[in-house]
Amino acid sequence: MYKDSVYLRENIRNIENNITQIRRLRKAFQEIMDRVDNQGYAHVANHHGYLDNLCPHGPTLDPEGNIIHKFLPWHRAYLLKLERLLQERDPTVSVPWWDWRSETSKKIGIPKSFSQDKIGKKVNPLSKFNINIKGKDRASKVDISINRYTTRNPGKPHEIIHTQKALSLNEQDIPQLYSLSDFRQFSERLRIGWHNFIHVWIGGDMGVVNTAAYDPIFFIHHCNVDRIWAVWQTLHGVDSIPSHMKSVVLEPFGMTVKDILDINSLNYDYASVSTT
Amino acid sequence: MQPEKYVSNKIKLDITKLENEFYRADLIIHGLDHSGPSYEGRVFINNPQAGHDTPDDSAQGYTGSFFVFGHGGCLGDEGHCEVNRPSSRFNLIPNPLVPEKVSLIVTEKLKELGKTTDEFTITIVPKLSRGSERACQKDADLKNVVLLHKITIETYDKD
């Protein structure tokens, strides 16, 4: 869907209500999952953990000793890379977001379109992916060999309600984060709170940095993280980030932090400006 | 198999002797390791008996949880993932295993307990991310997951 020349990322719940859209999303995922070259899903998944290990989570120091928070910018570039591959297969497709705080999520947990194991007799490409990697891990220099489907072991949906209360007491729930004007505080509380919780709660491969991005649900989880940052940017300014971070390079995307700050300049927007 | 809980040494803090009343108190965990499995750390104050069956109940000393998104264990031989080992001058990508700092707001619990004691014990009961053992290294330590440098309590007054 397009609006004012930018394409829109939509809530997965809305896409699930449109049989044509959900079929297109599944087909595009299946097509990139079938590829084994650098246009394929495995190539992108490799960037996060095995084998490239390029994902920065916690704060790091630059050569001048400044603290760098690459978590949000890096994952924005990462989502874009996957989305561009999907759109090469089908230009009408975009990565949807999964609002884990929604009432529906508190009742059913993972969206049905991503939890349904099979579509007819075929594996649902949104539910799992066959990790098939063999090579040397960049960070550890150790040989890795895996050939199996991703797995999950999610907690009960009501645990989301319980955790939301706990995060709220610790001023880490989303409305509380929107009131923070400091990017570093916002980024860290979002990462350590809801972001980490969802990885831990889904479990299985999503519960380990090295394998998380092989599970397709990783991308709708991080799309919601990115949406929350985009909403925060509408409240505090697109440029609201420490100036020393703007020239930081986001490997391996060939972009700097400055390049990815404005989502409209990246040709996308979110279908809802809801701050929930 | 349930992982081991962590019980801190006693932290001495007499809140009745603070110069000004504090409006906020943070429990800060320094140097938290995230190289192993992912888990929820349930935090209890002054309940060293807290365990896996203890509910998340304020009356039990529960004061909140933190979540660790772990790397799943070391791929190499002993010492391979030691974060302080010298890195190559040609490798500008930061070590992804640098330990983290996490904090919990413990204002009310500290005020409540601080009326009758000046010693605080922190118990962290870890709950592993379900089913992620398979994605961890086969020799990953799933028993001793709460590894940290130190725990401090910081109070803030209005001035």
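## The nonpolar core

A nonpolar core is a set of buried Ala, Val, Leu, Ile, Met, Phe, Trp, Tyr and Cys residues joined through C-beta atoms within 7 Å. Buried means that 20 or more other C-beta atoms lie within 10 Å of a residue's own, with C-beta atoms placed from the backbone. In this predicted model, the largest such core has 97 residues. L82(A) and I220(A) have the most contacts inside it.

I220(A) is in contact with I12(A), V95(A), P96(A), W97(A), W98(A) and F114(A), leaving aside neighbours within four places in sequence. Contact here means C-beta atoms, placed from the backbone, within 7 Å.

## A three-stranded sheet in chain B

Strands are DSSP runs (E, at least two residues), numbered from the N terminus. Two strands pair if DSSP finds at least two bridges between them. In chain B, three strands form an open antiparallel sheet in the order β6-β3-β9. Its edge strands are β6 (100–105) and β9 (150–157).

Strand β3 (residues 22–32) of chain B is joined to β9(B) by eight bridges. One bridge partner is Y156(B) in β9(B), for R24(B).

## A four-stranded sheet in chain B

Another open sheet has the order β1-β8-β4-β5 in chain B, with antiparallel pairing. β1 (6–7) and β5 (62–68) each have a single partner strand, so one side of each is left without a neighbour in the sheet.

β1(B) pairs with strand β8 (residues 122–128) of chain B over two bridges. Y6(B) stands opposite I124(B) in β8(B).

## Conventions

Residues are numbered from 1 along each chain as its sequence is written, and chains are lettered from A and ligands numbered from 1 in the order in which they are written. In this predicted model, local features need pLDDT of at least 70, side-chain atom pairs count only at pLDDT 80 or more, and totals for chains, interfaces and linings use all residues.

Terms used:
Buried ≥ 20, exposed ≤ 12 C-beta atoms within 10 Å, placed from the backbone. Contact = placed C-beta atoms within 7 Å.
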